[in-house]
Amino acid sequence: MTDHDALIDGLSGHLRPVTRPLPAGVRAWLWLVLALPAGWLATWLLPRHLTDWSRPGAVWAVLGLALSLAAAAGAMRAAMASSIAGRGVPQGALLAVAGLGWLGANVMGTLSLAQPWGEPGSGWYCYTFVVLAGAPMIALAIAAIRRTRAVRPERSLAYAGLAIAFGALSLLSFCHPVTEHAVDLMMHVAGGLTVVGLTVLLGRRWVALA
Amino acid sequence: MPQTGSTLAPDAPDHWPALMARAQAGDGEAYNRVLRQMVPAIRAMARRRLRDEALVEDIVQDVLLTVHRVRHTYDPARPIMPWLSALTAARSVDATRRRGRHMAREVYEEEHMLAWADAGATERMEGFAARHEVERMLGALPARQREVVELVRLREMSLADTAAATRLSVPAIKALLHRALARLRQNGGEGHD
């Protein structure tokens, strides 16, 4: 296979040292440290009213916030790990528990309201907030995954999108009533799904292993 | 000076992580050795997915280029075969999809052509056919080979400029071009039998 030999000689002829990426967990934490403030800054474009944590039902909001941050960190770690060839998704079960726990905490908060359904058509502010906060996080996530490229870009970007959605939802809980109506909660979920879709759509070209 | 394949143990995957670690530090000789030793393993993995020998060799070359591109992502503390196997699988799937798309695009409907025949269309059709033929043949090449042929032969860029544009070395460009032209000749020959 002479032509393979020629290619190998070419590739190894002027080899430069390379730097290995940091462990997936460290990269995920670094992303969180950069992405959350960036997302918060992006929402300056919207009017914000800080959460009154003394209201009834705040315990569910605090639990939801903690779980959304855990899910964001776990999902980004999965995104970073799965982008590297031959690596599985670490602690996928814990990630699922955190995500479902977040949903459960929010549903419990909703059920504690006297009128849990809320007004149809409400929740657009929350939707806009999640998408707006997610915008800079998407750019940072794509840049982070591009460092290693991804063997299966859709899968890695979907995990990254999930991390961004949970990150944006954790920011939203700082300027939102401690409990939300069902319609409002559905708009939160819709905002998260939009962010996941945008991340996959915008990032595929940039992180695919060309 | 790189060693030749004949002086190396052909199946020494236990040594590959150490060689890759040296390659990541910039040791070209270690890199040359490990890539040569990987070729039979990559070929065997590709053959498990595809029967087309020419395509298998293209995949081997594509995997070597991919290994080069993402060599920093390999962690020498981990086994190397899952990493290499995942890269080979990804490249095999890409090649299969590319071939499938290429074959799906080839449509020939004789009845419609006769029913809507245009007496003055011969010249235009010949021009179109020539362009289509070039596109068809280039479309059958792996992405890297196609890119190199387009840059060197169609845009008439120099090897050095092509190397700079693609971030590969000049010998790598030559090897890609050689393989691409060989494959084009093979496809062209098949098409005119």
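Which residue forms a salt bridge with Glu154(A)? Arg204(A) does, with the closest N and O atoms 3.9 Å apart. A salt bridge here is a side-chain nitrogen of Lys or Arg within 4 Å of a carboxyl oxygen of Asp or Glu. The pair links distant parts of the chain, 50 residues apart: Arg204(A) sits in helix 7 (residues 182-207) of chain A, Glu154(A) in helix 6 (residues 153-172). Helices are DSSP runs of H or I, at least four residues, numbered from the N terminus.

Some ground rules. This is a predicted model; local features need pLDDT of at least 70, side-chain atom pairs count only at pLDDT 80 or more, and totals for chains, interfaces and linings use all residues. Residues are numbered from 1 along each chain as its sequence is written, chains are lettered from A in the order written, and side-chain values use heavy atoms, without hydrogens and water.

Over all chains, the structure holds 11 salt bridges. One joins Arg36(B) and Asp5(A), at 3.1 Å, N to O. That pair crosses between chains, from helix 2 of chain B to helix 1 (residues 2-13) of chain A. Arg36(B) counts as buried at 10% relative accessibility; Asp5(A) is partly exposed at 30%. Buried means under 20% relative accessible area, exposed over 50%, partly exposed in between, with a 1.4 Å probe and protein chains only.

Now chain B, helix 4 (residues 81-105). Asp94(B) and Arg91(B) lie there three residues apart, about one turn. Their salt bridge has its closest N and O atoms 2.5 Å apart. Arg91(B) is buried, at 5%. Asp94(B) is partly exposed, at 26%.

Conventions: Helices (H or I, at least four residues) and strands (E, at least two) are DSSP runs, numbered from the N terminus.
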